[in-house]
Amino acid sequence: MSTILIQNLKKYYGKVLASSIKELEIKDGEFFTLLGPSGCGKTTTLRMLAGLISPDEGRILIDDKDITNFPPEKRNLTMVFQNFALFPHMNVFDNVAFGLRMRHMPEREIQIRVKEMLKMLRIEELSDRRIEQISGGQQQRVGVARAIAPHPSVVLFDEPLSNLDAKLREEVRYELKELQKKVNITAVYVTHDQAEAMTLSDRIAIMQSGIIIQIGNPKEVYFTPVNAFVASFVGGTNFIEGEIEKEISQDRVLFRSIDGLLIEARKGMVSNYDSKVLLVRPEAVELKKANENGIKGTIESKLYLGGSLEYRIRIGKNSTLKTFSSSVNDVGDVNSNVTVFIKDAVVIKS
Ligand SMILES: Nc1ncnc2c1ncn2[C@@H]1O[C@H](COP(=O)(O)OP(=O)(O)OP(=O)(O)O)[C@@H](O)[C@H]1O
Ligand SMILES: [Mg+2]
């Protein structure tokens with residue numbers, strides 16, 4: 001296990017500031033994820049940690065040792081690349097064994113360790129095949145196996161599961177997390193898949209244009225995002241424009257929508273100077289038949305998704321809410337009136 005400390009790290013490509021991290025500590029044994037859209041600087045950040053590119057400014061410490069100028073092989077870490085970077089002429093077994101042989105592990109132990117890795121990633125039967133004879137998704141799993149096999153203290157993962165189909169991705173995700181905890185690896189994981197980030201991570205950093213916008217555990221970034229970008233990136237959203245009418249306790253407020261609706265909400269992380277909007281997650285909206293005490297709404301659209309129904313409810317001239325309900329709990333057709341209950345809402349920066 002290892003602690004990673006990043007201070008004032010910056011990397012420019014020409015005039016583009018590809019990555020800029022003021023201060024970030026990744027704890028011993030933590031599963032830390034960089035989440036963000038394409039081009040936001042995830043790979044650039046990871047490659048600086050790996051020592052594959054050097055930063056223009058700042059430093060990186062691992063276990064209090066400044067490794068900013070260390071070559072990759074002196075950093076006691078391994079990396080799973082976005083483009084695999086396996087040895088195409090070698091077979092699967094030898095690819096996974098590569099790091100172990102470099103470390104002069106006895107051959108008998110190598111046999112055991114590699115088999116364990118291949119089994120975990122469900123590629124045992126491919127052991128003797130060359131890399132060029134297996135699929136992209138299988139190659140990705142070989143990449144993960146090769147990185148974890150030496151039990152390094154830090155593993156850097158760059159979208160290691162992106163080529164797997166949905167079902168396999170979920171399975172491997174689970175195994176990966178188990179193994180990371182078992183082997184006590186500090187993991188820095190890059191993805192643009194929010195579900196993957198949520199299920200794997202102890203903490204997530206959401207990046208945009210080279211900068212970290214918010215860091216928190218999955219629950220924090222989901223329930224209390226700082227702004228609309230983070231909110232949209234980690235889940236479904238409804239935004240209601242308006243302003244804070246008054247504070248009703250230390251962390252709760254009454255929000256007045258531009259249509260004049262009053263909605264009680266969590267205060268979130270906004271400051272007095274921010275322009276504000278109310279975030280209501282679709283699952284926080286409950287619909288009942290009309291004539292109950294609550295917000296009056298009209299069904300504007302309704303979609304059958306099989307097990308569930310997706311409704312869009314108009315609750316004011318300028319506001320609609322999207323929500324889902326079980327298809328056995330149908331509250332009405334388009335144009336019917338319904339009563340809307342907002343179970344949870346939080347004020348965020350627009
Ligand atoms: N070698 C390079 N030369 C010039 N610009 C680069 C280079 N590598 C990356 N960039 C730019 O730096 C920014 C960050 O790129 P980076 O590869 O870190 O993004 P990313 O978050 O990993 O994206 P993706 O999800 O698509 O992999 C982008 O604007 C990209 O175009
Ligand atoms: Mg990338």
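**Close-up views of a predicted model**

**View 1. The side chain of Ser 38 beside ligand 1.** In this predicted model, an N or O atom in the side chain of Ser 38 lies 2.5 Å from an oxygen atom of ligand 1. The backbone takes part as well, for a polar backbone atom of Gly 39 is 2.7 Å from an oxygen atom of ligand 1, and a polar backbone atom of Cys 40 is 3.2 Å from an oxygen atom of the ligand.

View 2. The residues around ligand 1 include the run Pro 37, Ser 38, Gly 39, Cys 40, Gly 41, Lys 42, Thr 43 and Thr 44. Tyr 13, Ala 18, Gln 82 and Glu 159 are also among the residues around this ligand.

**View 3. The two domains of the protein chain.** The domain assignment divides the chain into domain 1 (4-223) and domain 2 (236-349). Their C-alpha centres lie 39 Å apart, and where the domains meet, four residues of domain 1 are in contact with six residues of domain 2.

**View 4. The area buried between domain 1 and domain 2.** About 400 Å² is buried between the two domains, and carbon and sulfur atoms give 35% of this area. Of the area that domain 1 buries against domain 2, 97% is supplied by Gln 214, Tyr 222 and Phe 223, more than by any other three residues.

View 5. On the side of domain 1 that touches domain 2, helix 7 (residues 218-223) gives the largest share, with three residues. The residues of that side divide into three nonpolar and one polar, with no charged residue.

Conventions
Residues are numbered from 1 along each chain as its sequence is written. Chains are lettered from A and ligands numbered from 1 in the order in which they are written. This is a predicted model: local features need pLDDT of at least 70, side-chain atom pairs count only at pLDDT 80 or more; totals for chains, interfaces and linings use all residues. Side-chain values use heavy atoms; hydrogens and water are left out. Domain bounds come from an automatic or database domain assignment. Contact means heavy atoms within 4.5 Å. Buried area is the accessible area (1.4 Å probe) that two parts lose on being put together, summed over both. Helices (H or I, at least four residues) and strands (E, at least two) are DSSP runs, numbered from the N terminus. Ala, Val, Leu, Ile, Met, Phe, Trp, Tyr, Cys and Pro count as nonpolar, Asp, Glu, Lys and Arg as charged, and the others, Gly among them, as polar. A residue is near a molecule or strand if one of its heavy atoms lies within 4 Å of it. A polar contact is a pair of N or O atoms within 3.5 Å; within protein, one must be able to donate a hydrogen and the other to accept it, and residues adjacent in sequence count only if both atoms are side-chain atoms.
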